[in-house]
Amino acid sequence: MSNRVAPPRRGAAPGGLAVGVLAALRRTGGLWFGWSGNAAGEGERAPEIVARDGIRYATIDLCAEDIERYYNGYCNASLWPLFHYFPGRFAYDEENFQAYQRVNARFATELLKLLRPGDLVWVHDYHLMPLARILRDRGFSGPIGFFLHIPFPHAQVLRVLPNHETLMRDLCCYDLVGLQTRDDVQSFVSAVRLAFGGAVRCDDGRLDVGGRRVSVGTYPIGVDVDAIRQEAARTVQEETVQRLIASLLGRRLIIGVDRLDYSKGLIQRFAAYEHFLEHDPESHGRVTLLQIAPLSRTDVLAYTEIRRALEQATGKLNGRLAAADWTPVRYLNRNYSHATLMGFLRAAHVALITPVRDGMNLVAKEYVAAQDPDDPGVLVLSSLAGAAHELTGALLANPYDRRGIAEALRAALHMPLAERRERHREMAEVLRRNDIHRWSERFCHDLQAAGAYGPPAAA
Ligand code: ADQ
């Protein structure tokens, strides 16, 4: 279950969650259920179901008011900013919370009609936190797990949300709660303690709360390393990527790929790049930053604002520093196929991935996987991305520290081949040990085990 379902389409660009869910379902088969992304006409219709390559995709439409209140409102103007530590961008409206509950109840009703005995339910992300409680209330007794793709905020941030206690109680109806990093697990436990009082016991990843036992663990999402390497090696030869390479005229390519979102730190990144260029005149005319930033959540005000701010920042930077034959930043709001994107990543000498907060950041992992091991590029990565916990062979820097990022960029551009190979080897090994298949296998295995405990925890 996830808010949006992404049946594979040619040229479609799945986000991080979709990449992970698809990889998991391709191995196990099963049903993927969620919102179609469309507004409903009159009345509620039964889910539309299509089957492709062993996976069934079931989707429902939502009415315009629910899209506005549940999706744009509670999910993306309340939960998203707060979970990414932006209380300043947090907005709250009680009616939006009611819509959130209403849509979750509708998802549960439709899902129950499709579930079969022995099914295991894996719920993805912050849109669907109440789902287990509703499924339990209506008699479903199989294992239900929850994975959060974004950061889990510390209790002292979460308490800004008026309904944080309700949400924490709902989350404790799952058998297994999976989070991206150890920090997220600690924050989750802090929030459970806040909601249930200090008396919550936590032993070896199991919490005893409100008469139930809930398992909690770290499940960092990964990528399919070998598939990406092969895909990148193939597409780097194709016309779109070759034309990009030819257009550089020998300049070094720095790449950034992020949904256009304030959590991705693009304003700070452009400022750091400008700082780098100002303090390194030698690099003028010798580097190009290609920033690919497809638009997202265009109906939410904060996203229109960040888009405008980035357009201004790009215009200002290029206006100040460009030469007649050189543009420092190429800024694109468009989607590419996954394959083409992997070719771009392989062609780049440096990836500049500097979110100000990110659950994991798959692009950082994809960049490492896409490299030629004999001549790999260098990853400059934000210390505030979940991926920084694993990718210690990257050049890590604080995304708000312009000077630190500029120094990392300089070091990346001048790094000797032996060091690039060594850092890349180390990171590729980590990625291979914990790839996307292992992520889903571990989660499903632990969910089966957690579900087998049954409800107990004697009061
Ligand atoms: P996202 O915020 O979407 O994911 P990310 O993890 O980087 O961020 O995943 C983005 C995915 O979309 C990548 O697979 C990337 O290749 C793809 N993509 C991005 N831009 C594209 C473009 N222009 N064209 C084609 N494909 C593009 C959320 C969380 C993250 C978490 C993931 C997975 O916010 O922190 O890592 O889920 O759990």
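**Ligand site, nonpolar core and selected residues**

Domain 1 (16-222 + 437-451) and domain 2 (225-433) both contribute residues to the shell around the ligand, so the ligand lies between them. The model described here is predicted. Three helices, α1 (16-28), α12 (338-347) and α13 (362-370), each provide at least two residues of the shell around the ligand. By residue class, this shell divides into 15 nonpolar, 7 polar and 5 charged residues. Among the 27 residues around the ligand, those that come nearest are His149, Tyr336, Asp358, Leu362 and Glu366.

His149, one of the residues that come nearest, places a polar side-chain atom 2.6 Å from an oxygen atom of the ligand. For Lys264, the separation between a polar side-chain atom and an oxygen atom of the ligand is 2.9 Å. Leu362 is likewise listed with the residues that come nearest, but here a polar backbone atom is involved, at 2.8 Å from an oxygen atom of the ligand. The ligand taken alone exposes 720 Å², of which the protein buries 96%.

The interior of the model was examined next. In soluble globular proteins, nonpolar side chains tend to be buried together. The largest nonpolar core of this model comprises 100 residues, and the members that touch the most others are Tyr70, Phe107, Phe152, Phe188 and Tyr273. Helix α2 (residues 64-83) supplies the largest share of this core, with 9 residues. Both domain 1 (16-222 + 437-451) and domain 2 (225-433) are represented in this core, each by at least three residues.

Thr59 is located in strand β3 (residues 55-62). Because its relative accessibility is 13%, under the 20% limit, Thr59 counts as buried. Between Thr59 and Ala199 there are 140 residues of separation in sequence, and their C-alpha atoms are 41 Å apart in space. Val50 belongs to strand β2 (residues 48-52). With a relative accessible area of 27%, which falls between the 20% and 50% limits, Val50 is partly exposed. Val50 and Arg193 are separated by 143 residues in sequence and by 43 Å in space, C-alpha to C-alpha.

The loop between α9 (239-247) and β10 (252-257) contains Arg251, and Leu249 also has its place in the loop between α9 and β10. Arg251 is buried, its relative accessible area being 13%, whereas Leu249 is exposed, at 69%. For Arg251 and Arg286, a sequence separation of 35 residues corresponds to a C-alpha to C-alpha distance of 4.8 Å. Leu249 has a phi near 50°, a positive value in a residue other than glycine.

A positive phi also occurs at Arg297, where the angle is near 45° in a residue other than glycine. Arg297 lies in the loop between β11 (287-292) and α11 (301-321). The relative accessibility of Arg297 is 15%, so this residue counts as buried. Leu249, by contrast, is exposed.

Definitions and conventions: Residues are numbered from 1 along each chain as its sequence is written. This is a predicted model: local features need pLDDT of at least 70, side-chain atom pairs count only at pLDDT 80 or more; totals for chains, interfaces and linings use all residues. Side-chain values use heavy atoms; hydrogens and water are left out. A residue is near a molecule or strand if one of its heavy atoms lies within 4 Å of it. A polar contact is a pair of N or O atoms within 3.5 Å; within protein, one must be able to donate a hydrogen and the other to accept it, and residues adjacent in sequence count only if both atoms are side-chain atoms. Accessible areas come from the Shrake-Rupley method with a 1.4 Å probe; for residues, only the protein chains shown count as cover. Helices (H or I, at least four residues) and strands (E, at least two) are DSSP runs, numbered from the N terminus. Ala, Val, Leu, Ile, Met, Phe, Trp, Tyr, Cys and Pro count as nonpolar, Asp, Glu, Lys and Arg as charged, and the others, Gly among them, as polar. Domain bounds come from an automatic or database domain assignment. A nonpolar core is a set of buried Ala, Val, Leu, Ile, Met, Phe, Trp, Tyr and Cys residues joined through side-chain atoms within 4.5 Å. Buried means under 20% relative accessible area, exposed over 50%, partly exposed in between (1.4 Å probe, protein chains only).
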